[in-house]
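Biologist: I have a model open and would like to learn how to read it. Could you walk me through it, feature by feature?

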Amino acid sequence: MLRIAVPNKGSLSEPAVEMLREAGYRQRRDSRELVLADPDNDVEFFFLRPRDIAVYVGSGTVDVGITGRDLLLDSGADAVEHMQLGFGGSTFRYAAPAGTVTSLEQVQGLRVATSYEVLVEGHLRSHGVEATVVHLDGAVESAVQLGVADVVADVVSTGTTLRGAGLEVFGDPILVSEAVLIRPRAVAEADVPAGVEVLSRRLQGVLTARQYVLMDYDVPVALVERAVAITPGLESPTVSPLHDRDWAAVRAMVRRDQTNQVMDALYDVGARAILVTRIHASRL
């Protein structure tokens, strides 16, 4: 039975559970459940602290897990990224009081407060910057005001919290993170268990279903080539004759975020009866 670690709380928890549910796996109904068996899919889910998941995966206690790239790298665990999952995006950056520090080189000799000690130390070391890293479990943005540090390194989404504390970001991002599926480093990608391959295909199917729609339209036969150039699909669109032999029906997958632009372009070419259908699941 495949053992999968899932975040039990935090910003990654609900999207991870929803993605697994869309992939056809049973999910818990009570947040107090820590272990959930899904015998129909031959898997068992373990709901763990997001920060601990990489440790469990790296030690081989569980086969795979869902966590953030930032948490994986900060854990120092013997685990590696297996695939990106497309949610939980965040940017990890340095920030300091406005006008005091404007480049990474100026962090030399300063105190940096963060909840991601391993990640920050590695980043500073890779850029030849020596600084004192102060580990905090939370409320990092208050560290400068309280005199604990000169600079902070934290996850930034809108930057509102940092600005509220009188801080502004500087330098390039330390890391661009998102939710990832991870596996033990000792297990090569070509040697992952069959259950992991099935899980990966299902999750990729969810990602595809979220990123694409199915577009159907009618177009004069004389204009088919111009139309399919707009909707090439993944391999090739389906083109079928209609009862009126001067017209053809075309079906193709189109990126969801381009739907309206593509519909406009097709209409201008001469396509009509343009319909869009949501994709519930897929295997490519």
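**Sheets, cores and rings**

Modeller: Let's start with an open sheet of 6 strands, ordered E2-E3-E1-E4-E11-E5, where the pairing is mixed. E2 and strand E5 (79-84) are at the edges with a single partner strand each, so one side of each has no neighbour in the sheet. Strands here are DSSP runs of E, at least two residues, and helices are runs of H or I, at least four, numbered from the N terminus. Before we go on: this is a predicted model, where local features need pLDDT of at least 70 and side-chain atom pairs count only at pLDDT 80 or more, while totals for chains, interfaces and linings use all residues. Residues are numbered from 1 along each chain as its sequence is written, and side-chain values use heavy atoms, leaving out hydrogens and water.

Biologist: How do I read the pairing?

Modeller: Strands of a sheet pair through backbone hydrogen bonds, either parallel or antiparallel. The cut-off is that DSSP finds at least two bridges between the two strands. Here, E1 and E3 run parallel, joined by 6 bridges. Within that pairing, Arg3 stands opposite Glu44 in E3.

Biologist: Which strands does helix H2 touch on the sheet?

Modeller: Helix H2 (residues 50-59) touches E1, E3, E4, E5 and E11, and its direction makes about 145° with that of E4. Contact means heavy atoms within 4.5 Å; angles run from 0 to 180 degrees between N-to-C directions, using lines fitted to C-alpha atoms, for helices over the stretch in contact. H6 lies across E1, E4, E5 and E11, at about 40° to E5.

Biologist: What about the other sheet?

Modeller: That one is open too, with 5 strands in the order E8-E7-E9-E6-E10 and mixed pairing. Strand E8 (132-135) and strand E10 (167-177) are its edges; each has a single partner strand, so one side of each is left without a neighbour in the sheet. Strand E6 (residues 90-97) runs antiparallel to E10, with 7 bridges between them. One of the residues to look at is Tyr94, whose bridge partner in E10 is Phe170.

Biologist: And how do I find a core?

Modeller: In soluble globular proteins, nonpolar side chains tend to be buried together. A nonpolar core is a set of buried Ala, Val, Leu, Ile, Met, Phe, Trp, Tyr and Cys residues joined through side-chain atoms within 4.5 Å. Buried means under 20% relative accessible area, exposed over 50%, partly exposed in between, with a 1.4 Å probe and protein chains only. The largest core has 27 residues, and Phe45, Leu85, Leu199 and Leu203 have the most contacts inside it. H6 gives the most to this core, 5 residues. Among the residues that Leu203 touches are Met19, Leu85 and Leu181. A second, separate core of 19 residues includes Val112, Tyr116, Val120 and Phe170.

Biologist: Last one: how do I read aromatic pairs?

Modeller: A pair of aromatic rings is described by the distance of the centres and the angle of the planes. Rings of Phe, Tyr and Trp (its six-membered ring) pair if their centres lie within 6.5 Å; planes under 30 degrees apart are stacked, over 60 edge-to-face, and the rest tilted. The count here is 3 aromatic pairs. Tyr25 and Phe45 have ring centres 5.9 Å apart and planes at 80°, so the pair is edge-to-face. Tyr25 and Phe45 are both buried. Phe92 and Tyr116 are also edge-to-face, 4.8 Å centre to centre with 70° between the planes.

Methods
Lists of a residue's contacts leave out its neighbours within four places in sequence.
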